[in-house]
Amino acid sequence: MKKILILFTSLLLLSCSSDDNANSNPTPTGSNSVYFTLDDKLYSSEFPTAAIDNKSITVSDNVFSINLRIINDKGVVTLTLFTGEKIEEGKSYQIHEQRIQDGFFAQNSLLSQPSTSFDCKTSAEFKGTVSIVKLDYENRIVAATFSYDAVDRKQNVHKVRNGWFDLKF
């Protein structure tokens, strides 16, 4: 019985690891980091060869907009999220086709080697969600998670998953 108890305790301790929260998002600090998967490929501003370029962020009473590019040695990917409504910390919003004052609109572009490129956007059929994790006007920080499907002009569906941004505005 003593051996069984020792074995059970050992298995319990081994099954607990620091990786339990590996998929959770970091604490928002305004780190100017962005990452997401697009068609199962990870794009991140945190890669050693990556940089955020052309970053434009608007946070006001009637507009929330993020438009940026992540550039690395494999190409360029853009992210656009827009809504014509005031956002609130702790709330989730639907991402769908572009409308004024009713949820979010999302768009991506990809230009990579070897010559893969497309533009895609959300629509009435291809939707998702964005959840505002932090909105701090005093320290000018906005952080959120996002996930959605978008369609290109050839009607190919592109999946954006595990999205996270932690930005200064």
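This is a predicted model: local features need pLDDT of at least 70, side-chain atom pairs count only at pLDDT 80 or more; totals for chains, interfaces and linings use all residues.
Residues are numbered from 1 along each chain as its sequence is written, and side-chain values use heavy atoms, with hydrogens and water left out.

**Figure 1. Overall arrangement of the protein.** One helix and 11 strands make up the secondary structure; helices (H or I, at least four residues) and strands (E, at least two) are DSSP runs, numbered from the N terminus. Along the sequence the order is α-β-β-β-β-β-β-β-β-β-β-β. Of the 169 residues, 40% count as buried, where buried means under 20% relative accessible area, exposed over 50% and partly exposed in between (1.4 Å probe, protein chains only). Among contacts (heavy atoms within 4.5 Å) between residues at least 6 apart in sequence, 52% join residues at least 24 apart.

Figure 2. Thr78 is placed in strand 5 and is buried, its relative accessible area being 17%. Apart from neighbours within four places in sequence, Thr78 is in contact with Leu68, Arg69, Gln107, Asn108 and Ser109.

Figure 3. Ser33 belongs to strand 1 (residues 33–38) and counts as buried because its relative accessibility is 6%. The side chains of Ser33 and Ser31 make a polar contact at 2.8 Å. A polar contact is a pair of N or O atoms within 3.5 Å; within protein, one must be able to donate a hydrogen and the other to accept it, and residues adjacent in sequence count only if both atoms are side-chain atoms. When residues up to four places away in sequence are not counted, Ser33 touches Ser45, Glu46, Trp164, Phe165, Asp166 and Leu167.

**Figure 4. Salt bridge between Asp53 and Arg69.** A salt bridge is a side-chain nitrogen of Lys or Arg within 4 Å of a carboxyl oxygen of Asp or Glu, and by this rule the count comes to four. One of these joins the side chains of Asp53 and Arg69 (2.1 Å, N to O). Asp53 lies in strand 3 (residues 51–59) and Arg69 in strand 4 (residues 64–72), so the pair ties together parts that are 16 residues apart in sequence. Asp53 is partly exposed at 24% relative accessibility, and Arg69 is partly exposed at 27%.

**Figure 5. Salt bridge between Lys86 and Asp61.** The closest N and O atoms of Lys86 and Asp61 are 3.6 Å apart in this salt bridge. Lys86 is in the loop between strand 5 (75–83) and strand 6 (92–96), and Asp61 in the loop between strand 3 and strand 4, so the pair ties together parts that are 25 residues apart in sequence. Lys86 counts as partly exposed at 43% relative accessibility, whereas Asp61 is exposed at 58%.

Figure 6. Lys159 forms a salt bridge with Asp149, with the closest N and O atoms 3.7 Å apart. This pair links distant parts of the chain, Lys159 being in strand 11 (residues 157–168) and Asp149 in strand 10 (residues 141–152), 10 residues apart. Lys159 is partly exposed, with a relative accessible area of 40%, while Asp149 counts as buried at 17%. Salt bridges link Asp149, Lys159 and Arg161 in a network.

**Figure 7. The largest nonpolar core.** A nonpolar core is a set of buried Ala, Val, Leu, Ile, Met, Phe, Trp, Tyr and Cys residues joined through side-chain atoms within 4.5 Å. The largest has 34 residues, and those with the most contacts inside it are Phe36, Leu81, Phe146, Tyr148 and Phe165. Strand 10 provides the largest share of this core, five residues.

**Figure 8. Ser117 in strand 8.** Ser117 lies in strand 8. Leaving aside neighbours within four places in sequence, Ser117 is in contact with Leu110 and Leu111. The C-alpha atoms of Ser117 and Val76 are separated by 9.4 Å, with the two residues 41 apart along the chain.
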